[in-house]
Amino acid sequence: MTSSARPLLNRRLADFGTTIFAEMSALAQRTASINLGQGFPDTDGPEAVREAAVRALREGHGNQYPPGPGVPELRTAIAEHQRRRYGLSYDPDSEVLVTAGATEAIAASLLALLEPGDEVIALEPYYDSYAACIAMAGAARVPVTLRAGDGRFVLDLDELRAAVTPRTRLILLNTPHNPTGTVLTRAELAAVAELACERDLLVVTDEVYEHLVFDGAEHIPLASFPGMRERTVTIGSAGKTFSFTGWKVGWVTAAPALVAAVRSAKQFLTYVASGPFQYAVAEALRLPDSYFADFRADHLAKRDLLSAGLAAAGFEVFRPAGTYFVTTDIRPLGESDGFAFCRALPERCGVVAIPNAVFYDHRDEGAPFVRFAFCKQTSVLEEAVARLKALAG
């Protein structure tokens, strides 16, 4: 025990306690509820990819420390993926870095590129680790709020531009966007690119849901816009695309100077991780186009199943154009406090969700919104829909 009156947790992290995901998952277990809160699949990914991991283990690949930047096979596969999908050319040796999931990629990028006092613009609501990573870097978070309108959450480009100050160093962008399901359009991305170039800003783009876009929406990497390749750090992940979230394999693609900067921070975080799984993900990225099409179609059907069930239960539903989350408005149910609603929902009908307010600086903005995950087995979603009908009664 320390005799000092000084708090043990440093002030940068004082506002970050146990995550809402831990709280709601524990509540799901305690009440035997269906957990549609945390965004992880309840089935494993492709058998061929699992066998590739087993083969790597048996053949002794990756059982010791892999190379710091990632195994060459995976770095090459990532570069091929970016070129085949988006026409972006990256050197596997100097412009690709493998990380312990996208979360480490985000942390390493922000720790490497920010100085204390820098400002970071982040789209609100945001993935919860963004706030913690910005705080650890000693920077200041400047939220720009996506607001509900015309069935989607919309970025106000004038508000984005107004948020830039002389202290702004970086824009942290997430598209397809968690939790709202918004996929930024080509016009919106072009405006972000123009602003970044005009104000000489770096951009870190979290694109982990790149293969989960629906209804004709198109995922367009910001790095593909004029002037953006040299100032954009693009983050990808195997977890969401191949349903192996426990493997923790993510990556960064960027110009050499940016990758070198991120690697400088990353080497003192995990150093390396997921050795055998890196070989398996290299094979996964080379799966035929039919895999990605089937993966998207499967999640589209699940999105529609859960969205219809939520609407029938009385929610206002914002049908997502991407990700595997549905955001709902609880006000049509006579509710306005997402925290209270989510904490009571397991007892009311045996389903767990997440209050979106945890993803906001401006908690009042997110108060009436609740997020449900549809990356579950169809039978699980059908049972959840059946249970949610109790709300309509």
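Guide: Two strands pair if DSSP finds at least two bridges between them. The model shown here is predicted.

With that definition, take strand S12 (residues 325–329) and strand S15 (residues 369–373), which pair over five bridges in the antiparallel sense.

Two packed helices are described by the angle between their axes and the distance between the axes. For H11 and helix H14 (residues 378–392), the axes cross at roughly 10° and come within 8 Å. Angles under 35 degrees count as roughly parallel, so H11 and H14 are roughly parallel to each other. On the H11 side the contact is made by Lys302, Leu305, Leu306, Gly309, Leu310, Ala312 and Ala313, and on the H14 side by Thr378, Leu381, Glu382, Val385, Leu388, Leu391 and Ala392. By class, these residues divide into 10 nonpolar, two polar and two charged.

Now step back to the whole. The protein chain has 14 helices and 15 strands. Its radius of gyration is 21 Å, close to the 21 Å that the globule rule gives for 393 residues, so the chain is as compact as a globular protein of that length. Along the principal axes, its C-alpha atoms fill a box of roughly 60 × 55 × 50 Å.

Next, the other sheet. An open sheet of seven strands runs in the order S2-S10-S9-S8-S7-S3-S4, and its pairing is mixed. Strand S2 (96–99) and strand S4 (140–145) are its edge strands, each pairing on one side only. From one strand to the next, the twist averages 20°. Near one end of that order, strand S3 (residues 119–124) pairs with S4 in the parallel sense over six bridges. Leucine 123 has valine 144 in S4 as its bridge partner.

Helix H4 (residues 101–113) and helix H5 (residues 128–136) have axes 9 Å apart and pack at an angle of about 30°. That angle makes H4 and H5 roughly parallel to each other, and H4 passes H5 in a right-handed crossing. From H4, the residues in contact are Thr103, Ile106, Ala107, Leu110 and Leu111; from H5, they are Ser129, Tyr130, Cys133, Ile134 and Met136. The contact of H4 with H5 has eight nonpolar, two polar and no charged residues.

Helix H2 (residues 47–58) and helix H10 (residues 275–284) pack with their axes 8 Å apart, at an angle of about 140°. H2 and H10 are therefore oblique to each other, and their crossing is right-handed. In this contact Val49, Ala52, Ala53, Arg55, Ala56 and Leu57 of H2 meet Pro276, Phe277, Tyr279, Ala280, Glu283 and Ala284 of H10. The contact of H2 with H10 has 10 nonpolar, two charged and no polar residues.

Last come some details of the backbone. Most residues other than glycine have a negative phi, and most peptide bonds are trans. The bond from threonine 175 to proline 176 is cis, with omega near -10°. Proline 176 lies in the loop between strand S7 (168–174) and helix H7 (186–199). Asparagine 178 and proline 179 are also joined by a cis peptide bond, with omega about 20°, and proline 179 is found in the loop between S7 and H7. Aspartate 150 is a residue other than glycine with a positive phi, near 55°. Its place is in the loop between strand S5 (147–149) and strand S6 (152–154).

Note on methods: Residues are numbered from 1 along each chain as its sequence is written. This is a predicted model: local features need pLDDT of at least 70, side-chain atom pairs count only at pLDDT 80 or more; totals for chains, interfaces and linings use all residues. Side-chain values use heavy atoms; hydrogens and water are left out. Helices (H or I, at least four residues) and strands (E, at least two) are DSSP runs, numbered from the N terminus. Axes are lines fitted to C-alpha atoms, for helices over the stretch in contact, and angles run from 0 to 180 degrees between N-to-C directions. Angles under 35 degrees count as roughly parallel, over 145 as roughly antiparallel, 65 to 115 as roughly perpendicular and the rest as oblique. A crossing is left-handed if the near helix is turned anticlockwise from the far one by less than a right angle, and right-handed if clockwise. Contact means heavy atoms within 4.5 Å. Ala, Val, Leu, Ile, Met, Phe, Trp, Tyr, Cys and Pro count as nonpolar, Asp, Glu, Lys and Arg as charged, and the others, Gly among them, as polar. The radius of gyration is taken over C-alpha atoms; the globule rule is 2.2 Å times the number of residues to the power 0.38.
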